[in-house]
Each structure stands twice: as structure tokens, then as C-alpha cells.
Amino acid sequence: MGIYEELQWRGLIKDESSPELKDLLNKGGMTFYIGTDPTGDSLHIGHFSSFLISKRLKDAGHNPVLLVGGGTGLIGDPKPDAERPMITVEEVNHNFECLKNQAEKIFGFEVVNNYDWLKNFSYIEWLRDVGKYFNVGYMLNKDIVRRRLDEGITYTEFSYMTMQAYDFMYLYQNKGVTLQVAGQDQWGNITAGIELTRKKLGKEVYGFTMPLLTKSDGSKFGKTNGKAIWLDINKTSAYEMYQFFINSEDSKVIDYLKFLTFLSKEEIEALEKSNNEHPELREAHKALAREVITFLHGEKAYESAVKIADTFFKGNIRDLSIDELKQGTADLERVKIEDGAPLINTLVTIGACKSNREARDLIKGSSISVNGEKITDMSYVMNKADAFNSEFSIIKKGKKFYFAVEF
């Protein structure tokens, strides 16, 4: 099947600007752009689902340009429910450099910054050369603007659309860009760019949007326990990412495979069959974790994540390196204890037991391990000298409950 049909099968096309788009995509040779504003210093998994389409189109013979909006990032794209907080010029510049380096490393495509062309406008020039092509009624009818009218939308936010529209026209003139791809919440901005290019230059450009990646309840996909899943391995370890994907909802994992991997239709359908018939094997989830982590961080990072997961589930944690132990306990609260604290008291302090009596029963029943060793001695004390790296110790209760302490 052609790239258009593949994108449709994967559920990656929601809105499209023209019936010509199917033939244009299947023919190849278009220069397209996809962008993000530098609101943080790393891309997250939600960005990944969008940016991954760049590689799909590149592999189908199209030419990608990635835009990190150092100019639009100073203004802020309107959110559906509230105004974005302004961030400083220094933060935007720092974030731009981080995202540029990250995108180039992951995807290897050209990265541009719209600050380079937006900075040159005076206010009067902008109103004369750009603003005159926008009808206020047209702008008010855009979904994101309509939803904010009751709560209130500032002139600054309202004007954001004109900036993104100008980006599209500028990239058409200077990079030969004829296609913009974005998430479905950017449809109004895409069509504004199409209209501006048509009105000002008399040229036809195109656009399509992708559905936002969501959980079954409609909330955005990409957070666990309130923490975003970042593409920067120093912010989200390979193990944390592995756990995130392994724990994905059964009802959504096939959608995630379609959005986030390059597995073929036949491979995904086989995994769907396995997921329906034997969900306990989690083969689809494991494939999802393998494909994403290997693409982002390499095979060694994936293998290390699996090793950590398997070891914490059924192995001896002494087989792990200090770095692997830190990854495996990153989500555990580190409770401070005194050097030489009795284990019985420590179990109550960390919340593993409700009382000293319960702690004694668990120790007596061989249900407590410290740093991978079963403890049956009622007088056992927690010593800093026995800790990993003389820094932290790991207590295991039963088969699967872990706690971390620091001295």
C-alpha cells in the first residue's frame, strides 16, 4: 500500500486539506514541515508520535523540515482551557538548543527556528504585510479560539495563529515547503497558513493533522504518576520507559503500536491476536517497549531495561549495577534512616509494616530481604557500610514490594 493508505491504516490522518493529498503523498517528493514550540528542554513521548511521522514520510520519498519555534514559543499557543504562562527569552533559547540537538540526534533532519525570520518585523510591518490578510470572523470561528471566548482569550494568544500561518508561507517561499503536518489541535493554524499563502502569493499548499495520542478515558498519553515520559534518557530512564509501555492499557496497546512503531501491518495484527487471546503474556506491550526504546536509545539500553525489570521481578538485585539499581528504584520514595537503625523499626518507619509485631512476623517468616539477602535475624540492624555504594539500601517485602532507604 502507498504511504497515504498506510497512514490511514495506522489511524494517523484525521483532517486533510484537499482530496489531492492522497495522490500527492503517494507520489512522493513533497517538502513538508512539522513543528513544536520550545516550552521544555526535552521532547516527550507525545512529541515522538508526531515527529515519527516525519520519518515515515521521509522513507516514502518526501523531504522533512523540523521547526522549533523560538519565536512562537515567546508568545505561546492558546491552550483549550487557560493561557500559557510566559517563559523568559533565556529559557526559550536554552530550550531551543536542547530540542534542536535532540531532534537532530534522533531524526537527523534539518531543524529551523522561526525566531530567525519573525524577529525582523516591526509591529506596523506585521499589520500591513500579514495582518491585513486575516478576517477576524474567520479567526473567531477556529475551534481553539471559540472554546476560549467564554473564559477569555488575550490579544497575544489570538494573534498566535497569524504567526504560525506566516511560518508556513515563509517556509514555502524559502524552503519549498508545500505541506504542514501537525496534531489535530493545530488544524486551525494549518488552514490559516494555507489561506495566507493562497491570498498573498496565489499558491496552493496542503496540510493534514494526526489524532492526539490518548488513553482510553480521553486524557493525553505520555504521563505516569503525574510525570511526563521524556525522550531524554537523563530525564526518563530506559527502564522507566519500559515500565510505562509494559503497563499500557490492553485496549489501547495496538493503537500505540500503530502510532509509535514501524512494525508492519502483518506483525501488528499478529500481536493484536496474541493480545486478545493471551493478554497475560503482554507480547504486544513488550514489542511496543522494544521498538520505541531501541529506536530512541539503542539495543543496549533496551536490554538493560529488560534486565532490571526481570531482576526486580524474580532475580537477585545484587546482579545489577549501581546505575541499574538507581533506575529500578527511581520511583520509590527514599526514606532517611539512621546508621545502625534496627530493621524491625525501619520496616515500620518506611510503611512496610504497621507495627513492630507485624515486622517480627514477616522476618520470622522469611518475607524480608535487605539488598538481596533474606533476613531472619530479629536483631538485624541497617548499616551504611552494607548499603549499595554506601548510599542506599533496598528492602523487599514478600515477592514484589520494594522500599528504598538512605543513610
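How are H12 and H13 oriented to each other? In this predicted model, the two helices are roughly antiparallel, because their axes cross at roughly 165° and angles over 145 degrees count as roughly antiparallel.

**Close-up 1. Packing of helix H12 against helix H13.** Helix H12 comprises residues 253–260 and helix H13 residues 265–277. Their axes come within 10 Å, and the crossing of H12 and H13 is right-handed. On the H12 side, Val253, Ile254, Leu257 and Lys258 take part in the contact; their counterparts in H13 are Ile268, Leu271, Glu272 and Asn275. By class, the residues of this contact comprise five nonpolar, one polar and two charged.

**Close-up 2. Phe245 in the largest nonpolar core.** This core contains 73 residues, of which Phe208, Phe245 and Leu260 touch the most other members. With neighbours within four places in sequence left aside, Phe245 is in contact with Ile45, Phe221, Leu260, His285, Leu288, Ala289 and Val292. Another core, of 27 residues, lies apart from the largest one; Tyr33, Val65, Ile190 and Ile194 are among its members.

Close-up 3. When residues up to four places away in sequence are not counted, Phe48 touches Phe107, Leu231, Leu260, Val292, Phe295 and Leu296. Asn26 lies 22 residues from Phe48 along the chain, and the C-alpha atoms of these two residues are separated by 23 Å.

Technical notes
Residues are numbered from 1 along each chain as its sequence is written. This is a predicted model: local features need pLDDT of at least 70, side-chain atom pairs count only at pLDDT 80 or more; totals for chains, interfaces and linings use all residues. Side-chain values use heavy atoms; hydrogens and water are left out. Axes are lines fitted to C-alpha atoms, for helices over the stretch in contact, and angles run from 0 to 180 degrees between N-to-C directions. Helices (H or I, at least four residues) and strands (E, at least two) are DSSP runs, numbered from the N terminus. Angles under 35 degrees count as roughly parallel, over 145 as roughly antiparallel, 65 to 115 as roughly perpendicular and the rest as oblique. A crossing is left-handed if the near helix is turned anticlockwise from the far one by less than a right angle, and right-handed if clockwise. Contact means heavy atoms within 4.5 Å. Ala, Val, Leu, Ile, Met, Phe, Trp, Tyr, Cys and Pro count as nonpolar, Asp, Glu, Lys and Arg as charged, and the others, Gly among them, as polar. A nonpolar core is a set of buried Ala, Val, Leu, Ile, Met, Phe, Trp, Tyr and Cys residues joined through side-chain atoms within 4.5 Å. Buried means under 20% relative accessible area, exposed over 50%, partly exposed in between (1.4 Å probe, protein chains only).
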